Amino acid sequence: MKIIENNGVFILETENTHYCIAINSEGTPEHLHWGRKCADEDYRSVYKSHERNSNHSAKDLGKTEYLPFGGTVYRPVAFKATYPDRCREAVLTYKDFNISEVDGAFTLELILEDKPYKAEVSLFYKLRENTDIIERYAVIRNNSDRSITLHKVASGEFNLPSLRPYTSTNFNGSWGGEFRKVNSVVRNGALTYESTKGGSNHTVNPCFILSENADEKKGDVFFGALAWTGNFKTEISRDFAGRTRVVIGINDFDFSYTLHPGEEFTAPSVFCGYANGFAEMSNAMNAFAIEYILPKRYAKEPLPVLYNSWEATGFNVTSAGQQKIAELAAEIGCELFVMDDGWFGSRLNDHAGLGDWNVNRFKFPRGLKPLIDKVKGLGMRFGLWFEPEMVNPNSNLFRAHPDWAYHYDTRKASLLRHQLVLNLTRDDVKEFVFSCMDNMLCEYDISYIKWDMNRAYSETGAENLENPQELWYRHVKAVYEIADRLKAKHPDLQIECCASGGGRVDLGALSHFDMVWTSDNTDPLDRLTIQQGFSLIYPIKCMRAWVTDTNRGSRPSDWDFRFNVTMQGSLSIGGDLTKYTKKELKIHKDYIRLYKEIRNTVQFGRFYRLANFEEDRLFATQYVDDEQSVLFFCTKANSFFNDNFHHIKLQGLDENAKYTVSYDKTKEIYGGAYLMNVGLSFETWGTLQSKIIRIIKNK
Ligand code: DGJ
């Protein structure tokens with residue numbers, strides 16, 4: 001890893017890749033290369049400043065690193081501002097650079113300036129040891145004595161090398177159907193993925209994955225994931241010459257930010273990389289998140305097997321009822337007991353109570369202590385659900401402070417799930433939200449919070465702000481700040497990020513929360529698709545997955561299938577254990593024991609998607625570390641007569657080592673080379689079949 005500067009050419013060298021930029025004759029940072037390494041001396045500016053004709057400007061054709069709006073620019077830009085004299089165009093020219101090293105990471109800062117307005121834009125590129133992931137972000141500084149209004153501040157602009165159309169992978173998700181992967185070929189125009197809901201949302205995700213002739217094992221894959229849990233916009237465009245570019249960052253939708261004299265604005269980071277095939281991308285991002293993104297305290301510890309009450313008891317939580325479930329949860333091996341919605345205020349259903357974070361004395365006459373003592377006595381830790389950013393109009397909080405929710409005096413507030421969003425850009429509201437959770441953490445032995453968020457914003461009046469359009473940005477920062485403060489004051493606290501399931505899955509959330517609730521949909525077959533999409537770019541260990549009852553609308557499947565799907569992430573239990581037979585509890589206990597034996601491999605190992613339903617009749621994933629490998633496979637149904645034969649070649653093993661392969665009470669020894677080149681054959685019968693195959697490396 002190194003950064004070289006040679007006559008205005010910057011070469012950023014990661015483990016296996018180069019990212020190169022030149023300052024061209026116009027003083028513009030010009031993109032030269034991103035991908036596999038080439039000889040340093042071959043990198044030079046190719047920029048020709050002449051216009052091709054009056055319709056296709058040189059600026060439009062250029063390979064820019066951070067294009068401002070201004071002059072003859074007619075394509076998606078990275079930066080747009082209004083200056084004090086009402087000039088709405090920016091010209092950013094190169095001023096200087098810095099290369100620094102802090103804690104083993106190298107950072108290049110390219111400083112650009114808009115001289116007449118004393119505005120500066122610094123582009124940062126941060127490289128770390130043993131990874132090809134580069135962190136990019138931009139900082140805008142106002143060195144003048146008048147305010148500048150920012151309208152768009154992307155985190156990064158990217159140029160892709162091939163002139164052939166790339167395939168863009170993102171999602172067409174929904175509540176209960178997150179991460180449904182969709183591939184779109186970007187032939188012309190622009191493909192935009194965005195959120196305008198306030199959070200990063202269920203539908204599309206703040207990442208880009210652009211590939212050329214790629215599959216799991218090979219092919220060019222360029223990717224980036226934005227660390228932002230709010231409105232975002234990713235614009236992937238392809239011009240008539242075939243050039244594909246990406247601009248990614250905070251959404252400019254209803255956004256502006258007033259940069260006062262002497263202030264700076266930092267756009268969130270985008271973590272980007274080049275990989276040979278999708279598996280390499282996922283593994284690079286997985287390892288990077290564990291090493292550099294997740295909050296440090298628990299980043300390298302396996303997540304506990306938790307029990308969550310939501311599907312079993314809904315809002316009907318009581319001290320006695322939860323204690324009864326807790327006993328069974330402990331018996332089957334759960335390590336953490338999380339009480340979900342319903343424990344506070346007048347929360348009998350979702351019509352009331354949000355905002356009143358005091359224990360409901362009807363349900364818990366002696367507070368939470370008896371329950372928590374019980375849970376702790378059973379050897380588990382205790383966790384509690386909050387939805388801290390929200391308020392029900394039917395709550396004491398709203399009756400006392402109706403102005404604390406985002407609103408316009410002249411507009412009727414739109415309710416979603418009977419609730420409103422609190423204006424976290426107000427210091428008093430932010431303090432209140434912090435203290436509600438802090439008070440509970442101080443009073444009780446609570447070591448886990450499930451932080452939920454169940455609606456999109458509306459009527460986003462924020463008259464407390466000089467510039468109300470900053471609310472989209474400031475709200476997200478407030479969420480991060482509260483989570484960080486809680487963790488600073490309660491260092492052993494773990495926080496799960498939830499937004500009606502997976503509505504807030506992004507690297508910003510994962511920099512402040514320890515994991516996410518992946519989806520409210522716990523149907524195992526649906527889950528396979530959801531988990532497959534999640535695994536593309538987000539860390540496996542953060543993917544919370546529950547085994548639940550079959551009677552909540554999901555299709556019938558046996559416990560093996562449910563566990564085999566769920567154990568592919570962070571195993572959790574969510575069914576009504578009080579209704580289970582002894583035999584069913586034993587099945588739970590056995591699987592939890594098995595999961596504890598394999599969870600290090602699942603949560604931290606290398607990961608391979610070996611087969612999926614779209615292309616194979618089988619779904620299979622494999623996890624590998626130095627000790628063992630675990631293979632999960634699941635089938636839907638044998639669609640045709642004789643459609644029951646399956647064959648899987650493994651990946652990532654040591655070809656010279658011997659492995660003991662065990663499943664269905666058989667144990668056989670094979671060489672790593674055999675397992676990868678020849679593979680394993682199976683037959684399955686019936687619908688929704690599954691297996692776990694453990695492959696232990698012989699000593
Ligand atoms: C939505 C979450 O996704 C669920 O897991 C549950 O916590 C409910 N909210 C509670 O209201």
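Close-up 1. A search through the whole structure, which is a predicted model, turns up zero disulfides (pairs of cysteine sulfur atoms within 2.5 Å). A disulfide, by the way, is a covalent bond linking the sulfur atoms of two cysteines. Take Cys-497: its nearest cysteine sulfur belongs to Cys-498, 7.4 Å away. Cys-497 has 1% relative accessibility, so it counts as buried (under 20% relative accessible area, with exposed over 50% and partly exposed in between; 1.4 Å probe, protein chains only). Cys-542 is in no disulfide either, as its nearest cysteine sulfur, that of Cys-497, is 10 Å away. Cys-542 is buried too, at 0% relative accessible area.

**Close-up 2. Around the ligand.** There are 14 residues around the ligand (each with a heavy atom within 4 Å of it), and the nearest are Asp-340, Asp-341, Lys-450, Asp-452 and Asp-520. Asp-341 puts a polar side-chain atom 2.6 Å from a ligand oxygen. For Trp-385, a side-chain N or O atom sits 3.0 Å from an oxygen of the ligand. The protein buries 98% of the 290 Å² that the ligand exposes when taken alone (Shrake-Rupley method, 1.4 Å probe).

Close-up 3. Beyond its neighbours within four places in sequence, Tyr-538 is in contact (heavy atoms within 4.5 Å) with residues including Phe-179, Pro-206 and Leu-510.

Residues are numbered from 1 along each chain as its sequence is written, and side-chain values use heavy atoms, leaving out hydrogens and water. In this predicted model, local features need pLDDT of at least 70 and side-chain atom pairs count only at pLDDT 80 or more, while totals for chains, interfaces and linings use all residues.

Key: Polar contact = N/O pair within 3.5 Å; in protein donor to acceptor, adjacent residues only side chain to side chain.
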